[in-house]
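Here is a short briefing to read alongside the structure. Take a look at the view below, and then we can walk through it together.

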Number of protein chains: 2
Amino acid sequence: MYTLLKKDNKTRARRGVIRTSNGEIQAPFFMPVGTNGSVKTLTAEDLNEVGAQIMLSNTYHLFLRPGMDIIKNAGGLHKFISWDKPMLTDSGGYQVFSLAKLRKMTDEGVKFQSHIDGSFQFFSPENVVEVEQILGSDMIMPLDVCAPYPCGRHEAEQSVERTTLWAKRSKEYFDANQADDKRQFLFGIIQGSIYKDLRERSAIEIMDIGFDGYAIGGVSVGEPVKDMFDTLDWVLPLLPEDKPRYFMGIGLPDQIVKAVGMGIDMFDTCIPTRFGRHASAFTRKGKVILKNKEYASDLGPIDEVCECMVCKKYSKSYLRHLAVQKEISGLKLITYHNLYFYINMMKDIRNAIEEDRYEDFQNKFLEEYGSELRNR
Amino acid sequence: MYTLLKKDNKTRARRGVIRTSNGEIQAPFFMPVGTNGSVKTLTAEDLNEVGAQIMLSNTYHLFLRPGMDIIKNAGGLHKFISWDKPMLTDSGGYQVFSLAKLRKMTDEGVKFQSHIDGSFQFFSPENVVEVEQILGSDMIMPLDVCAPYPCGRHEAEQSVERTTLWAKRSKEYFDANQADDKRQFLFGIIQGSIYKDLRERSAIEIMDIGFDGYAIGGVSVGEPVKDMFDTLDWVLPLLPEDKPRYFMGIGLPDQIVKAVGMGIDMFDTCIPTRFGRHASAFTRKGKVILKNKEYASDLGPIDEVCECMVCKKYSKSYLRHLAVQKEISGLKLITYHNLYFYINMMKDIRNAIEEDRYEDFQNKFLEEYGSELRNR
């Protein structure tokens, strides 16, 4: 699945490639979040234009709406949403804990009430993998127990134990029920909250089971940025070099640049799309809050050095007008720019690794962005 | 400005072309409505893709937000919104009466309170033309008095008289203040509500002043469809053949087909975009209400015979899912289809006129659409 092409000579950044039934993905890469089978405000055409290699979607949401019958009827998620590039689906574990109403967890699985219609549903490690096999996603995340933040040691330990138990059952079900016509890849998720020994224990237990890739979960749940990166310090040295590493739900541009330098290959976050819908645009120099009055007559683009369609064509003055008027087209244009920024940043990251200049790239990026991670 | 290329041999349909500083427009044509300088949910790229020849925008809205300073600063409306094809701006007369809070009208003009921030504003025939000259639209509508429906004879008469008075002053101001660098065209608007003699009187008074084109206003304000078309019976025979005729704010697809057959050249309505945002899609066979449960597993396109990007790529099943989830991308895709449908319908209309088969085209269209206008 993953081929390591090159290691940067000064940092731990890695240049690799993932091969799936729906095409290759050059790593490190960013996955736009399409919760409901659509990246908010954008179409598949837009995603292709901004250079997206892969799209992430959400098992919890798709399971509830439109439901598996409808997606099965369409021949899987790719066909249902008309997206022919790779897809990763998360397991819904995080959403069960953050969105669902009542929930009751046992070793067997988790019973929960839909946040949409209040209906009672049940997720087990097995039926979540089954759902993702029906979805036909190229990369599958298993059901895990995402510890909240803050989280006491006992609760964190329990989440590690149950995550390992569920990971084993996910793997067994996955191995016994692979589709004939398509190779899917199953990831293991490492939990352990902010406890070093628990993170290490989780990493070892999950690696012992053996997965196609490893994800660091239970991050970006409200913890300080320091803790987020401490987790990488603890876990990454333990992971095998020949498997992709996925930092779940991360992050702001400078966090991604930093995490790549520590050895991460895969990222997802709704930040570029959510910020776009709030008319905040990303640039190398930080965020541009387009609703600010200072941009009312500014005929320049969001970012002078950006080559996206929006920056080539539209002024901050017009985009601000659209944002103030809550015009959907404006939210789309800003989202489009943000996603282009993220995806283009990943290209620059890959080029820098290929040319053994990731340290310089990272230092310059964090400096220009005004990032607090400069001194980490 | 307008060249009549061909008259259909059985109906009164006309094939023509309008030449503006920003390019030609093949007539009859449809103008997508971009109230705030943006067609709702769509970008300029989308408008080009669906084949829009021209965009309509709204003086009242743009005057209030972003305001003339900002548009002047950008070098006019085309540059502000990055649209290089022709534009028509309406005068805001209709909006002053339908949207503004307090308003007080005298022969001098109309004082009104902004529906956005309650600020007091004043529109006179002169300053509305001045605003539209700053906007730089290719076709300018003058300030008129749009009679409501229902409307008593006395009020309708007053609206005709004041519309004529204002039309004269608009023309005088327009002639005395034309831009050196760009030819704009000024339309006259015919009022008169549902009164035959008032419509005729208004048409004659407006024609006596002399304009580049003639618009039938005060329609689509709630009157029965019969009255709407009666107006055309009364007014169209009076209008000169060498000027374009614009049926303001009309209409549903079958109404457009019927009005073309009576001699109309120009149309605008927010129907395709507003219906799109409510997930209703147009086809030759009528509307498809995509939220209906019957489409939940329907893998067919909105319209089997439509060649738009949406129909080539997306199923009703997926579009329904997006609509139910209120995904912006879904509203955009349905709007995109609807606008393509309207614009493609105008192409078919033009082809039918060129080939002297408009009567057949119209009969077939109205039959297939299930239109009540078949028997008119």
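This is a predicted model: local features need pLDDT of at least 70, side-chain atom pairs count only at pLDDT 80 or more; totals for chains, interfaces and linings use all residues.

How many Å separate the centres of domain 1 of chain A and domain 2 of chain A? The points below start with the fold of one chain, go on to its two domains, and end with the way the chains pair up.

**Chain A as a whole**

- Chain A contains 15 helices and 16 strands.
- Its radius of gyration is 20 Å, close to the 21 Å that the globule rule gives for 376 residues, so chain A is as compact as a globular protein of that length.
- Along the principal axes, the C-alpha atoms of chain A fill a box of roughly 60 × 45 × 40 Å.
- Buried residues make up 56% of the 376 residues of chain A.
- If you count the contacts in chain A with a separation of 6 or more, 68% of them join residues 24 or more positions apart.

**How chains A and B meet**

- The contact between the chains involves 33 residues of chain A and 33 residues of chain B.
- Four helices of chain A each supply at least two residues to its side of the contact: helix 3 (68–74), helix 4 (77–81), helix 13 (316–324) and helix 14 (328–354).
- By class, the chain A side of this contact has 15 nonpolar, 13 polar and five charged residues.
- The copies meet through the same surface, because 100% of the interface residues of chain A are also interface residues in chain B.

**Symmetry of the pair**

- Chain A is superposed on chain B by a rotation of 180° with 0.0 Å of shift along the axis, and the RMSD is 0.0 Å.
- The two copies are therefore related as by a two-fold rotation axis.
- To find that axis in the viewer, look for A:I328, the residue of chain A that comes closest to it, at 3.7 Å (C-alpha).

Conventions:
Residues are numbered from 1 along each chain as its sequence is written. Chains are lettered from A and ligands numbered from 1 in the order in which they are written. Copies are superposed by least squares on the C-alpha atoms of residues with pLDDT of at least 70 in both. Two residues are in contact if their C-beta atoms, placed from the backbone, lie within 7 Å. The radius of gyration is taken over C-alpha atoms; the globule rule is 2.2 Å times the number of residues to the power 0.38. A residue is buried if 20 or more other C-beta atoms lie within 10 Å of its own, exposed if 12 or fewer, and partly exposed in between; C-beta atoms are placed from the backbone. Ala, Val, Leu, Ile, Met, Phe, Trp, Tyr, Cys and Pro count as nonpolar, Asp, Glu, Lys and Arg as charged, and the others, Gly among them, as polar.
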